[in-house]
Amino acid sequence: MATAFLKQFTNLEPEGPAWLTAIRQRAIARFGDVGFPTTRNEDWHFTSPAPIAEATFEPMRAPTGLPDESTLAALLPGTADWIRLVFVNGRFAPTLSRPDAAGGVKVMSLAAAYREEPSLLEYHLTQRADIVDPAQVFTAINTAFMADGAVVQVQPGVSTPVPIHLLFLTDDAATGGVSHPRVLLVAEPGSNATVVEQYASLGGSRYLTNAVTEAWVGDGSTLHHIRLQQEARDAFHVGTTAVHQERDSHFLSFSFATGAALSRINIFSGLHGRGCGATLNGLYILGGSQHCDHQTRIVHAQPDCYSRELYKGVLDDASHGVFNGKVYVHPEAQKTDGKQTNNTLLLSERARIDTKPQLEIFADDVKCTHGATVGRIDETALFYMKSRGIPNTQARKLLTYAFAAEVLETIPVDILRDGLERMALERFTGTTDA
Amino acid sequence: MIHISDLRASVGDKEILKGISLDVGAGEIHAIMGPNGSGKSTLAQVLAGHPGYEVTSGSVIYQGKDLLDMEPEERAQAGVFLAFQYPVEIPGVSNAYFLRTAYNEVRKARGEPEADPLEFLDIVADRLKLVDLDEAMLQRSVNAGFSGGEKKRNEILQLAVLDPALAILDETDSGLDIDALRTVADGVNKLRRQDNAFLVVTHYQRLLNYIVPDRVHVLVDGRIARSGGKELALELEARGYDWITAEQGVGA
Amino acid sequence: MSSEIELLVNKDYQYGFSTDIEADQLPPGLDEGVVRAISARKNEPEWMLDWRLKAFRRWQQMTEPHWSNVKYPKIDYQAISYYSAPRSAKPLASLDELDPKIRETYDKLGIPLQEQKLLAGVAVDAVFDSVSVGTTYKAELKKHGVIFCSFAEAVREYPELVRRYLGSVVPYSDNFFAALNSAVFSDGSFVYVPKGVRCPMELSTYFRINAADTGQFERTLIVADEGAYVSYLEGCTAPKRSTNQLHAAVVELVALDRATVKYSTVQNWYAGDEHGVGGIYNFVTKRGKAFAGSRISWTQVETGSAITWKYPSVILQGDNSTGEFYSVAVVNNHQQADTGTKMIHIGRNTKSNIVSKGISAGQGNNSYRGQVKVMPKAEGARNYTQCDSMLIGNRCGAHTFPYVEVQNNTAIVEHEASTSKIGEDQIFYCKQRGLSGEQAVSMIVSGFCREVFKELPMEFALEAQQLLGITLEGSVG
């Protein structure tokens with residue numbers, strides 16, 4: 001309940017510099033003013049936050065113990081050489097982390113950054129993610145409570161040789177608790193980096209992860225951001241990624257969501273320089289009574305930028321998927337080239353999708369399109385496969401996999417792409433070789 | 001027919017035509033050749049009055065009139081036709097309607113009576129054969145969904161219907177297979193008369209096997225680097241453009 | 001280029017004159033007494049008054065919606081007069097008795113009300129401010145059993161039909177403006193086409209707002225009985241006035257089993273001047289209910305009004321029913337339009353098709369807002385939506401808000417949208433073929449709207465052509 005958070009805040013002994021304390025106070029005051037949104041808020045029209053708003057979450061308890069390396073490796077196989085920070089129940093686990101695998105990139109916990117990079121934080125932290133919009137109160141709550149998280153700074157001109165893995169885990173002690181992880185990614189001009197942000201569970205139930213990631217992508221730099229939401233099936237997950245792009249920068253995002261009972265994932269990018277590109281792709285695979293809501297927003301504020309968006313959903317049982325993709329084109333943003341697609345496959349007659357691809361355009365010399373399709377497995381393709389002797393069930397599973405694989409193929413990290421494809425294949429066909 | 005004298009034109013601050021002088025007489029076919037970026041297409045566009053180019057100096061006298069002083073549609077009505085390198089699509093507007101509107105505008109400008117839809121169909125039917133196009137394409141939207149070859153043939157159809165005095169063909173051969181190229185060239189050859197003229201802009205010599213030019217001009221860096229008879233085209237085919245570019249470099 | 005486009009889109013509003021005529025007008029303000037007074041003036045039966053009063057009480061509890069993408073100053077509902085009728089308006093034995101001033105008004109609007117002058121095959125109901133002043137071709141229609149009359153007449157003459165269908169598609173509680181209309185609606189048109197009858201001519205209502213400071217609240221109810229067919233056209237104009245006037249209409253369509261209703265609108269209310277002063281607030285609720293195997297088709301060309309807020313919708317109740325929506329919406333100067341449709345798929349194998357073309361010029365803002373909802377039982381539902389916007393100039397906006405909500409996995413729903421501008425290259429291409437800039441723009445815009453124009457009946461296609469200043473001849477197939 002809202003009052004629980006307000007009360008928790010009065011007991012909070014916030015870490016970090018004085019300027020941040022002031023922002024925390026503004027954020028909690030904003031939350032106090034507007035409270036949790038309802039479905040009357042246009043941005044929450046298809047997702048009621050009531051299950052979160054009406055529950056009470058205590059600050060998440062410390063983990064009972066730390067997982068071993070083989071448990072971690074199983075979460076994302078083949079990543080032994082990656083830079084890695086691990087957080088368990090919202091707390092940095094230095095013994096599981098490998099922060100300095102390579103030069104040219106600073107990777108540290110938020111607490112360490114308070115000490116070591118005060119000016120970097122002052123310049124970027126809380127500057128990208130909006131806390132004023134009543135639809136974004138979860139960001140305000142995170143801002144008020146953020147305790148730990150990750151800070152990544154890629155030095156100018158540096159290409160990181162390996163991806164950076166930020167792993168947020170929960171264990172049994174997480175039950176009934178809330179964590180507010182905060183991530184800051186800074187790609188200095190001319191740099192190139194890949195960050196994989198993974199939310200997964202080793203135990204715990206009915207907990208809430210309320211995450212916020214802010215990213216700044218400098219002139220001519222490229223940032224790949226891959227986000228995996230694999231929370232416990234009865235958990236809640238709200239995650240916002242807010243990105244600021246400078247001239248000629250590229251931001252490529254992939255959101256993969258299979259976990260949580262109720263999840264809401266916001267991915268926002270502002271194109272503030274000429275010649276930027278933003279690519280937002282995603283795949284959500286839901287079953288049971290899972291509800292997953294993706295909200296994307298691309299703001300074209302400068303000319304000559306492009307954006308590409310492909311989101312796919314595979315919905316089984318009585319699951320409910322939501323996609324709301326907004327593309328804004330400011331009057332200055334001439335020659336904008338925007339394309340957005342949302343395709344949903346409904347596997348069950350009880351599954352439901354609400355999709356709202358939205359264009360708001362104020363410049364005349366632009367090329368913007370969006371498309372959405374909803375349907376079930378293509379009967380022609382199904383018949384074709386069956387006529388070649390593939391049994392009905394297997395044919396359906398293969399076609400489902402093929403639908404998902406089209407968007408998974410856009411993931412640039414081979415190991416990750418292969419891993420997720422394997423995961424999808426297993427989920428849809430019960431086998432790992434097809 | 002047309003007398004071009006020291007024509008200079010630029011886009012923004014960049015000068016592209018750096019002093020072109022050229023005379024084309026009635027009954028003649030001139031070929032404009034040159035490497036990519038030499039200004040060939042710019043010359044075609046400037047003669048048609050494309051608003052994206054600024055003429056900075058020089059003059060163009062067409063049939064005794066100052067062409068540069070005329071609006072694009074006035075040039076068209078006076079008989080200057082440009083076959084576009086990239087024909088533009090106009091969704092929802094039928095080819096027949098578009099062509100008839102253009103035809104009647106040209107007729108009006110000449111003080112001739114306008115054709116009604118039925119009369120016009122007769123005129124077009126005859127011209128369709130010339131470019132080997134099916135009558136069904138008249139009902140399709142202008143260039144929308146046309147293949148590359150269809151678009152180019154559609155340009156020649158318009159040329160045949162509008163019957164201009166000066167036709168400028170801007171890389172009409174690009175993207176055509178050999179059969180389509182022959183069709184296009186045959187069309188042009190049949191339209192050739194003593195009282196009209198053609199300016200054929202092309203990168204490759206192969207079109208000139210079918211449309212035989214009276215004169216060939218090679219454009220390099222916005223200037224005519226060399227002019228000659230049809231044999232110059234063959235020489236270019238054999239030796240490429242580099243030798244002319246090199247000569248030009250030495251001379252500059 | 002801009003000067004050519006300006007010429008085209010800034011054509012003066014031709015219908016901006018007003019008629020000086022003595023009117024029976026209620027003083028501004030709205031309370032139960034006003035609702036009773038309207039009902040009394042129309043000699044309505046008790047049930048009609050009761051329905052109005054229920055609506056009024058409901059309206060009092062409602063708040064004006066503000067979710068649409070339009071901005072306007074607060075409307076003072078107590079400053080509006082809710083009834084205005086020409087003094088001379090009384091039931092006419094024949095149209096020859098019509099007040100010459102009113103006839104002259106319709107002549108000037110190009111809607112002659114003498115039957116011998118009429119366009120063959122179009123019957124017209126002329127609504128002047130709050131009342132219907134005459135309906136043509138009634139006798140001819142009667143021969144086929146088709147009822148076409150003013151709403152007030154229908155309440156008197158066909159109470160059982162009106163009672164059965166009034167509010168059956170748009171209940172008085174539906175939304176703020178529908179409730180207001182239900183309380184104070186003054187007149188409008190009523191159509192009933194009996195079983196198996198194909199209405200022999202186009203039916204048309206021409207709405208004219210004349211009086212100042214009044215609202216217009218007409219109500220249209222069209223019922224096509226089983227297997228019937230009707231095509232209905234609606235046109236609207238108003239004088240130029242510097243104040244905003246409220247138009248809150250309700251249209252209900254009922255297509256019973258296997259019936260077809262085609263409803264076309266050319267909406268050209270006064271849009272306000274180039275500074276955004278004056279113009280009509282067009283807040284309209286239009287909805288049809290389609291029973292088994294029936295088809296409801298909305299076609300609209302929206303060029304007028306300062307603000308347009310309307311979503312002609314179809315409830316696809318019956319199995320195998322079809323809903324269609326074809327729309328061209330043009331905004332210029334300071335006009336705002338938030339328009340689109342709702343297709344609610346309830347029955348099995350229901351189909352809907354949506355084609356929306358938005359053109360924004362000047363400082364206009366055009367929003368497409370459409371909902372496609374497939375309910376759990378709508379097996380085999382199919383929707384295709386195409387939604388294109390064209391921007392002319394750099395101070396206008398085009399917005400697309402589609403809501404796609406699917407709860408049945410046998411449904412196939414496709415939505416496509418694009419935004420483009422008139423290309424300089426297209427204009428140059430046309431000019432190089434000898435066309436003037438204005439011709440070029442006309443041709444390109446008409447091509448853009450072609451899929452919608454071809455849905456309009458011929459007479460309206462011509463009017464739409466004049467409205468957009470577009471030469472359509474031959475370009476619309």
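This talk covers two interfaces, one between chains C and B and one between two domains of chain A.

The model is predicted: local features need pLDDT of at least 70, side-chain atom pairs count only at pLDDT 80 or more, and totals for chains, interfaces and linings use all residues. Residues are numbered from 1 along each chain as its sequence is written, chains are lettered from A and ligands numbered from 1 in the order written, and side-chain values use heavy atoms, without hydrogens and water.

Chains first. 22 residues of chain C are in contact with 34 residues of chain B, contact being heavy atoms within 4.5 Å. The buried area is about 2,300 Å², with 62% from carbon and sulfur atoms; that is the accessible area (1.4 Å probe) that two parts lose on being put together, summed over both.

Now chain A. Its domain 1 is 2-273 and domain 2 is 378-434, with bounds from an automatic or database domain assignment. Their C-alpha centres lie 31 Å apart. Domain 1 gives 16 residues to the contact and domain 2 gives 11 residues. Between them they bury about 1,000 Å², 81% of it on carbon and sulfur atoms. A:Ile226, A:Phe254 and A:Phe256 supply 43% of the area on the domain 1 side. Across this interface the rule finds zero salt bridges.

Technical notes: A salt bridge is a side-chain nitrogen of Lys or Arg within 4 Å of a carboxyl oxygen of Asp or Glu.
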